[in-house]
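Subject: Structure handover

Hello,

The structure I promised is below. My notes on it follow.

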Amino acid sequence: MVRKKNQEEPEPAPLPEEQELPESMPLLPVRDVVVFPYMILPLFVARENSVAAVEAAMAEDQHVFLVTQQDQNVEQPLPEDLYEVGTVGVIMRQLKMPDGRLKVLVQGLARARITEWEQEQPFFRVALQTLPDPEEEDPGPESEALMRSAREASEKILALRGLLTSDVQAILGSVDEAGRLADLVASNMRLESEAAQGILEENDPLMRLQKVHEHLGTELEVSTLQAKIQSEAQEEMSRGQREYYLREQLRAIRRELGDENDRAREMGQLRESLEKKRLPSEVRAEALKQLGRMEQMQPESAEASIIRTYLDWILDLPWSTGSKDRLDVKKAAEILDEDHFDLEKVKERILEYLAVRKLNPKMKGPILCFIGPPGVGKTSLGRSIARALGRKFVRISLGGVRDEAEIRGHRRTYIGALPGRIIQGLKSAGANNPVFMIDEVDKVGSDYRGDPTSALLEVLDPEQNNAFSDHYLNLPFDLSKVMFITTANVEDTIPDALWDRMEVIELSGYTEEDKVTIAQGFLIPRQLKENGITTKQISLSPAALLEIIRSHTREAGLRNLEREIGSVCRKVARKVAEGEKGPFKVTAGNLHRYLGVPKFLPEEERGEGEVGVATGLAWTAAGGEVLRVEVSAVEGKGNLTITGSLGEVMRESAQAALSYARGRAAELGLKKGWYDDMDLHVHVPSGAIPKDGPSAGVTLATAIISSLTGVPVREDVAMTGEVTLTGKVLPIGGLKEKALAAQRSGLERILVPEKNQKEMSEIPAKVRRKLKIIPVGHMDQLLPLVLAKWPLAKPAKKKTAPKKTAKKKAASKAPAKKGARK
């Protein structure tokens, strides 16, 4: 801020009001600085025209006009390169340098404006008009407040920089004019040339001081932050020096006590452990390198603890340690049957792997993906596979994971860095060939932290995972011996690249008979054990189990069924604990005492069928579902209304079904122009549940045709398939789940697309015996099977008959050709 005066500095020149200023004088362009009145500063003059201007001023009365260049890079400025407003100065001292330059000491006297350029060579000479400050009356409260604020801000900045002295405070306190205070403060601030020039050109003293005050606020913030940074740096330096001194003292104390040997003994044990453990050569070399670095560090340093943790991870990982496989195929089959009912396809695949593993011990581990609704036993099946193989079992869940570091780990440069969950799982297993289950791969997210599914590509690729690199270890780890099993509820959200690397096995739901069998063999014994009761105290009849399945659960899996069985067991356990004597028999008749009213009511019997109501089959993440589609035809203007929370795909299916019906109006017996006077309302009940998918086309078309023709749809048949505008029935997915849903709902027949016949073998034989599955390829095949009356085209034949009669009449009126009849 305010410059300190050197002892050698000359006395200031008289104030401008004490002397007459000439109206014309030499002009000296200056760069990088704006000279204010009352400001004393040295200048180095090197340009020829500037040297000539200084010499001319010294030859006259030592007055020179100091003007700042607009662009400091211009070497030979022209009049247009200079500001119009500058400061009249007086040259107090001149010194010629050995290199020909001049060093002059100047003091600003008064602000002035150029009125005329009198000369440009060999130096600039200009005519001036001085710009004196207006005479100030008694300063008002606003002016006084502004001046006090400017003084206080200046003193704070100087104090932060360590430059505040009593002399400086006296100088600031002695200035009682707003304009002069503004010039004094601005001349000692670090301002850009443009900002300083703007202050200089302001003629109103209060406005000039206001501008200076604004810059003072910014400068105070910068100075405060700078002082804070310097203070923190000094504290950190002092802390580091103190810690170093204390460590040296601690080392001297340990040396006297003989504890230095403990450090050497620890390093020796680490080195011995690394040499004894069977490590790959690359891993061993890196571990010994890090150990050597650690030996050279202070044991209390942060990096030493990071390296120690890193070496512990290397020692704990099973680089070459694996469990021995149980290669007895028959024994493995017994274990799988003991743990799970049915699931023959999965069991067959595991036994195949065991057989090949027995013949080829070096084969790579398979990568399986179990896809199915919740509760069908995907996770428990993985645990059973591990038991059958005699391997360790590791499970992680990726549902909702969005950070790539969850798979690959964090780099060691981060505080609290750890390996990814794959390496952590192998460490907890203690073997390099466990059964590794990765749950919920269809629910992995991605954001700015990376895409975990992309990181899984390396883990689940048999051609790449033999050298999997975790960011924390930064060393290759062989995952080819691991048997990876992933699980998912739906396949739509799994990226194609990840899908291509896995062998997919679909697990559909169970039939009612299967659920009863599984409950008797697995669920009831487990719940009895968990609730501390025995078969002598409770018995659940098959009819009660069937009632629980039908009225208290509605799922493809077994999770809710086991939950309801557990609820019954808890009720009985309470009675036993209260001293009641058993056994307690739970039957279909008294089940409501334990579970209350049924949660799901059976579907209403539809009698002989209804007009405009068709039964479809849908597939969801929870398994198959029966879907009722209702269509009502009312008077209107040809509008189609769709309700029931249908998605975009089902809305388009409804449009296609209506277009098909309009195109077959004649065959359906509809009068010409029927669509112009009629509105159709398509509704799917349970409107709060969103519905979408490409398999409801035939159901929508059937319901629309039934509503238009007034012919009811058969009550014992359900259908699935997508329809085209020409009436072709396209294939769908989830046929097995839909068939199980139809069987659970008591339907007798289902119509499926012809191209899905190859999947009919996957439907359980029990379901195929109870259901009549009819493949159809066109709506012309489907409509006679679902409508109570067929054909519908009699009215259309009557309309076309007159046309044929007219042709015959025309033919009879035409003259007969000779020889046409004999």
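This is a predicted model: local features need pLDDT of at least 70, side-chain atom pairs count only at pLDDT 80 or more; totals for chains, interfaces and linings use all residues.

**Notes on the model**

Lys 789 is in the loop that runs between α25 (779-786) and α26 (794-813); helices (H or I, at least four residues) and strands (E, at least two) are DSSP runs, numbered from the N terminus. At 54% relative accessibility, Lys 789 is exposed, where exposed is over 50% relative accessible area, buried is under 20%, and partly exposed is in between (1.4 Å probe, protein chains only).

Residues are numbered from 1 along each chain as its sequence is written, and side-chain values use heavy atoms, with hydrogens and water left out.

**Whole chain**

The protein chain has 26 helices and 24 strands. Of its 822 residues, 44% are buried. Taking contacts (heavy atoms within 4.5 Å) with a separation of 6 or more, 74% are between residues 24 or more positions apart.

**Strand β9**

Strand β9 covers residues 435-439, and five of the five are buried, so the strand is largely enclosed by the rest of the structure. In a regular strand, side chains alternate between the two faces of the sheet. In β9, Val 435, Met 437 and Asp 439 point one way, while Phe 436 and Ile 438 point the other way.

- With strand β8 (residues 393-397), β9 pairs in the parallel sense over five bridges; here Val 394 is opposite Phe 436.
- With strand β12 (residues 483-488), β9 pairs in the parallel sense over four bridges; here Ile 438 is opposite Thr 486.

**Rings and charges**

The structure has four aromatic pairs. Rings of Phe, Tyr and Trp (its six-membered ring) pair if their centres lie within 6.5 Å; planes under 30 degrees apart are stacked, over 60 edge-to-face, and the rest tilted. One of the pairs is Trp 117 with Phe 124: the ring centres are 5.4 Å apart and the planes are at 75°, so this pair is edge-to-face. Trp 117 is partly exposed at 29% relative accessible area, whereas Phe 124 is buried at 6%.

Another pair is Phe 436 with Phe 484, which is tilted, at 5.5 Å centre to centre and 40° between the planes. This pair links distant parts of the chain, since Phe 436 is in strand β9 and Phe 484 is in strand β12, 48 residues apart. Phe 436 is buried at 0% relative accessibility, and Phe 484 is buried with a relative accessible area of 0%.

Charges also sit over rings (NZ of Lys or CZ of Arg within 6 Å of the ring centre and within 35 degrees of the ring normal). The charged end of Lys 427 is over the ring of Trp 313, 4.1 Å from its centre. The charged end of Arg 662 is over the ring of Tyr 675, 3.9 Å from its centre.

Helix α19 (residues 559-577) has 19 residues and spans 27 Å from first C-alpha to last, close to the expected 27 Å, which is 1.5 Å times one less than the number of residues. Its buried residues include Leu 561, Ile 565, Val 568, Cys 569 and Val 572. The buried residues of α19 pack against α17 (512-530), β14 (538-540), α18 (542-551), β15 (584-586) and α20 (592-595). After the helix comes Gly 579, which has a positive phi near 100°.

Ala 556, in the loop between α18 and α19, is buried at 2% relative accessible area. Ala 556 and Gly 624 are 68 residues apart in sequence, but their C-alphas are 7.2 Å apart in space.

Ser 384 is in helix α12 (residues 378-389) and is buried at 2% relative accessibility. Not counting residues up to four places away in sequence, Ser 384 touches Ile 335, Leu 336, Asp 339 and His 340.

Regards

Methods:
Two strands pair if DSSP finds at least two bridges between them.
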